[in-house]
Amino acid sequence: AGPVDSKTEAAMSELVPESRQKPVVPMKPMGINANLLGYIGIDTIIEQMRKKTMKTGFDFNIMVVGQSGLGKSTLVNTLFKSQVSRKSSGWNREEKIPKTVEIKAIGHVIEEGGVKMKLTVIDTPGFGDQINNENCWEPIEKYINEQYEKFLKEEVNIARKKRIPDTRVHCCLYFISPTGHSLRPLDLEFMKHLSKVVNIIPVIAKADTMTLEEKTEFKQRVRKELEVNGIEFYPQKEFDEDLEDKTENDKIRQESMPFAVVGSDKEYQVNGKRVLGRKTPWGIIEVENLTHCEFALLRDFVIRTHLQDLKEVTHNIHYETYRAKRLNDNGGLPPMTVETEENHESNL
């Protein structure tokens with residue numbers, strides 16, 4: 001019986017694994033109650049950042065795209081309550097209609113409450129005004145990519161600037177003609193191509209030409225067409241960072257987009273108040289009155305709630321996509337030109 005037991009014990013010891021020591025789990029950092037140990041001052045970092053931003057200011061570049069006569073310049077002037085865009089995109093008998101799409105950028109410095117903003121308005125006269133509008137979005141796409149390229153070249157310099165001038169397009173307002181029917185093939189093609197490289201916000205221009213019922217139906221039809229064609233406008237669903245952002249942005253996507261707006265830079269007296277509006281034979285359309293149009297919603301969305309996010313999405317998503325592709329295509333660096341070679345040698 002002795003030898004049998006020893007064999008059995010040996011077999012048992014092979015089956016039962018040896019007890020291993022449990023890995024040491026690092027302790028979670030303990031939260032310090034500031035009330036018990038006194039005030040530290042961590043919360044002042046917000047004020048420090050605010051002071052820094054106020055000193056340096058910031059850049060914001062907005063592009064307006066759409067056919068002539070849709071009130072693009074007027075709307076941008078209304079948004080910033082100053083003459084920031086050229087006076088008229090129309091033409092008279094002496095002027096010629098642009099043969100191709102032109103890009104015109106106008107820069108301004110706007111200051112409000114001690115905060116400076118370098119605003120650049122990029123206009124696109126000639127877009128959609130020709131008989132044959134095939135590929136008329138290409139100059140616009142080229143301009144947007146050129147700004148990414150300019151930023152990338154500054155970024156990869158050995159002795160790069162502390163603050164790189166930002167000319168990248170942060171927001172593109174695309175003006176839809178208030179036909180009340182459906183989007184034109186040109187609208188769909190433009191947004192399909194450009195939504196991958198820039199933040200597009202669709203806007204129904206001159207909404208006062210439609211009745212309230214027509215406006216509601218047209219908005220729903222436009223949303224449906226964009227969804228069917230797989231066109232994503234800003235704010236894109238995949239870029240929502242948390243539940244709060246998702247809830248807020250879902251409401252904008254499902255109810256507000258596209259914004260049906262009216263622009264005006266003229267003031268009128270209504271009930272003893274000075275208001276921005278358009279005078280018609282049947283009354284005054286108040287631009288900032290939500291029962292008249294959705295201009296106030298667009299302004300709040302672009303400037304008061306999502307301006308910083310527009311800049312961040314441009315930098316972290318659109319620019320990063322362009323940068324990764326360019327560096328990958330060129331073996332890690334943009335191609336050297338004569339100018340960049342000279343700069344490189346002087347830096348060395």
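Reader: Where is the place of K55?

Author: In this predicted model, K55 sits in helix α3, which covers residues 45-56.

Reader: Why is K55 called exposed?

Author: Its relative accessibility is 74%. Exposed means over 50%. K55 passes that cut-off, so it counts as exposed.

Reader: Which residues form the positive surface patch?

Author: K51, K52, K55 and K162 form it.

Reader: What makes this patch positive?

Author: Lys counts as positive. K51, K52, K55 and K162 are lysines, so the patch they form is a positive one.

Reader: Which residues gather in the patch of negative charge?

Author: E241, D242, E244, E248 and E312 gather there, on the surface. Asp and Glu count as negative, so the patch carries that label.

Reader: Where does E248 lie?

Author: E248 lies in helix α8, residues 243-256.

Reader: Why is E248 called partly exposed?

Author: E248 has a relative accessibility of 36%. Buried means under 20%, and exposed means over 50%. The value of E248 falls in between, so E248 counts as partly exposed.

Reader: How do you know whether T120 is buried or exposed?

Author: T120 has 16% relative accessibility. Buried means under 20%. T120 is under that limit and therefore counts as buried.

Reader: Where does T120 lie, and what does T120 touch?

Author: T120 lies in strand β3, residues 115-123. Leaving aside residues up to four places away in sequence, T120 touches F60, N61, I62, A105, I106 and G107. Contact here means heavy atoms within 4.5 Å.

Reader: Where does I231 lie?

Author: I231 is in the loop between α7 (212-228) and α8.

Reader: Why is I231 called buried?

Author: The relative accessible area of I231 is 7%. The cut-off for buried is under 20%, so I231 counts as buried.

Reader: Which residues does I231 touch?

Author: I231 touches L188, M191, K192, S195 and L226, again not counting residues up to four places away in sequence.

Reader: How many residues apart in sequence are I231 and L188?

Author: They are 43 residues apart in sequence. In space, C-alpha to C-alpha, I231 and L188 are 8.0 Å apart.

Reader: What about the whole protein: how many helices and strands does it have?

Author: The protein has 11 helices and 9 strands. Of its 348 residues, 39% are buried. Among contacts with a separation of 6 or more, 69% join residues 24 or more positions apart.

Reader: What does the accessible surface of the protein come to?

Author: About 22300 Å², with 53% of it belonging to carbon and sulfur atoms.

Terms used. Residues are numbered from 1 along each chain as its sequence is written. This is a predicted model: local features need pLDDT of at least 70, side-chain atom pairs count only at pLDDT 80 or more; totals for chains, interfaces and linings use all residues. Side-chain values use heavy atoms; hydrogens and water are left out. Patches are made of residues with over 30% relative accessible area and no salt bridge: like charges are joined within 9 Å, nonpolar side chains (Val, Leu, Ile, Met, Phe, Trp, Tyr) within 5 Å. Accessible areas come from the Shrake-Rupley method with a 1.4 Å probe; for residues, only the protein chains shown count as cover. A salt bridge is a side-chain nitrogen of Lys or Arg within 4 Å of a carboxyl oxygen of Asp or Glu. The place of a charge is taken as NZ of Lys, CZ of Arg, CG of Asp or CD of Glu. Helices (H or I, at least four residues) and strands (E, at least two) are DSSP runs, numbered from the N terminus. Buried means under 20% relative accessible area, exposed over 50%, partly exposed in between (1.4 Å probe, protein chains only).
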